[in-house]
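Hi,

Here's the structure I said I'd pass along.

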Amino acid sequence: MLRGKKILLGITGGIAAYKTTFLTRLLIKAGAQVKIVLTESAAAFVSPLTLSTLSQNPVLMDFVKEDDDSISWNNHVDLGLWADLMVIAPATANTLSKMANGTCDNLLLAVYLSAKCPVYFAPAMDLDMYRHPSTTESFEKLQSFGNVMIPAESGELASGLSGLGRLAEPENIVKILEYNLLKKSPLHGKKVLITAGPTHEALDPVRFLGNRATGTMGFELAKTAANLGAEVTLVSGPSQLSATHPNINRIDVTSAQDMYEACHAHFETSDIMIAAAAVADYRPKNVSEQKMKKKEGDLTLVLERNPDILKSLGEIKKKQFLVGFALETENELENAKGKLQRKNLDAIVLNTLNDKGAGFGGNTNKITFIDKNSTIKTFALKTKPEVASDIWSEILLRIDG
Ligand code: C5P
């Protein structure tokens, strides 16, 4: 969720500054870019070299940067504009009071005053300082400016006393940042159901009928939805792919019938459903309990129809926005539109095997998005993550906030 986010970490001079090494590590692990600004007293508690190594960026302290043969300016305005969010941790009583009053006597405070992004502050101090009326006043004033407070936690303090004033644990700071970013995400609070991959239809205990789908498109759609804040249920047929995002609940199934049951168990509570799986239309009518023996002559398999999962969901849908896929080889647009109507869909994503690089297997796809009003949008050949993002952009335009 913090992937690609530009985070400015401001560190002030309290003993809890040592915890910012862990915080920096967690932010980097979560995929964020981190730049750090220290106050002079923070540098007494935590080594700038450690922080610059962990953040993979130079650590800044002064307005001017003096190298052996040059002097340059650490531009606080550029830094303030660079960031997607700023977090000041630990925030001492001194810095909080200066922030609340607009004092600007070090680089960190100048950056704070220049920042246009959301600012979070995580106070850490001794319990009596924490509950002093002037500190409380700083908290209130800063929150009235729109800054977000990450309250201190209770426990043993460096002074030897025990109580409220410990810096929030780095893991909790990261969770709060993620939670707040998610709340502003377009799919926050939405439940999304996605099918992906092939299905395997058993012939006997060791053999099955299957297809070449890998699940890539469905998994990319799930990842994008999760990154946009949705709670995703990914019903996947047999696939080598992994989905580790914490917002994705993966349900592994084998056959079309299993997929049908898993989808029906989750459809009612879903807001959006995308059927990206390549579901087998037929299954062997009789599944042999024992491994089938080879015999002289031909073998005839009798197949029976599988349920059409998407169509069955179209029949019971209420509020759900329902999206299907159509892989066509002829009369593409007409066939896709017909499918959209027959299955009672809100939109259908057409990919044709006639387009080079589209459809199964590879990591690219070329799609046409058609909605129920017959609005048609054709996209260029793109990578599947890009296609997933295009599909979600189209869906977002058509659902209620
Ligand atoms: O009718 P056709 O199989 O071409 O429709 C493709 C769409 O229907 C895809 O979205 C696919 O995931 C879905 N489908 C399904 N259950 C089936 C067959 C297809 O959900 N048995």
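A quick definition before the contacts: a polar contact means a pair of N or O atoms within 3.5 Å, and inside the protein one of the two must be able to donate a hydrogen and the other to accept it. Also, keep in mind that this is a predicted model.

On the backbone side, an N or O atom of Pro 307 is 2.9 Å from a nitrogen atom of the ligand.

Who else is around it? The surrounding residues include Ala 275, Val 279, Asp 281, Asp 308, Leu 310 and Phe 325. By class, the shell splits into 7 nonpolar, 1 polar and 4 charged residues.

Now the pockets. The ligand sits in the largest pocket, and the elements giving two or more residues to its shell are helix 12 (309-316) and strand 19 (321-328). That pocket has a volume of about 890 Å³. Its lining counts 38 residues, with Ala 276, Ala 277, Ala 278, Val 279 and Phe 325 closest to the centre. Helix 12 and strand 19 turn up again here, as each supplies at least two lining residues, and so do helix 10 (216-227) and strand 16 (272-275). The lining as a whole has 19 nonpolar, 13 polar and 6 charged residues.

What is the volume of the second largest pocket? About 310 Å³. It has 17 lining residues, and those nearest its centre are Ile 15, Ala 16, Met 125, Ala 158 and Gly 165. Sorted by class, they come to 9 nonpolar, 4 polar and 4 charged.

Finally, the backbone. Most residues other than glycine have a negative phi, and most peptide bonds are trans. Two places here are worth a look against that background. Ala 89 and Pro 90 are joined by a cis peptide bond, with omega at about -10 degrees, and Pro 90 is part of strand 6 (residues 85-91). Asn 344 has a positive phi, near 55 degrees, although it is not a glycine. You'll find Asn 344 in the loop between helix 13 (332-342) and strand 20 (347-352).

Cheers

Methods
Residues are numbered from 1 along each chain as its sequence is written. This is a predicted model: local features need pLDDT of at least 70, side-chain atom pairs count only at pLDDT 80 or more; totals for chains, interfaces and linings use all residues. Side-chain values use heavy atoms; hydrogens and water are left out. A residue is near a molecule or strand if one of its heavy atoms lies within 4 Å of it. A polar contact is a pair of N or O atoms within 3.5 Å; within protein, one must be able to donate a hydrogen and the other to accept it, and residues adjacent in sequence count only if both atoms are side-chain atoms. On a 1 Å grid over the protein atoms alone, a cavity is a set of points where a 1.4 Å probe fits but cannot get out, and a pocket is an open set with protein on both sides within 12 Å along at least five of seven lines; lining residues have an atom within 4 Å of a point. A molecule sits in a cavity or pocket if more than half of its atoms lie within 2 Å of its grid points. Helices (H or I, at least four residues) and strands (E, at least two) are DSSP runs, numbered from the N terminus. Ala, Val, Leu, Ile, Met, Phe, Trp, Tyr, Cys and Pro count as nonpolar, Asp, Glu, Lys and Arg as charged, and the others, Gly among them, as polar. Grid points are joined across faces, edges and corners, and a volume is the space filled by probe spheres set on the points.
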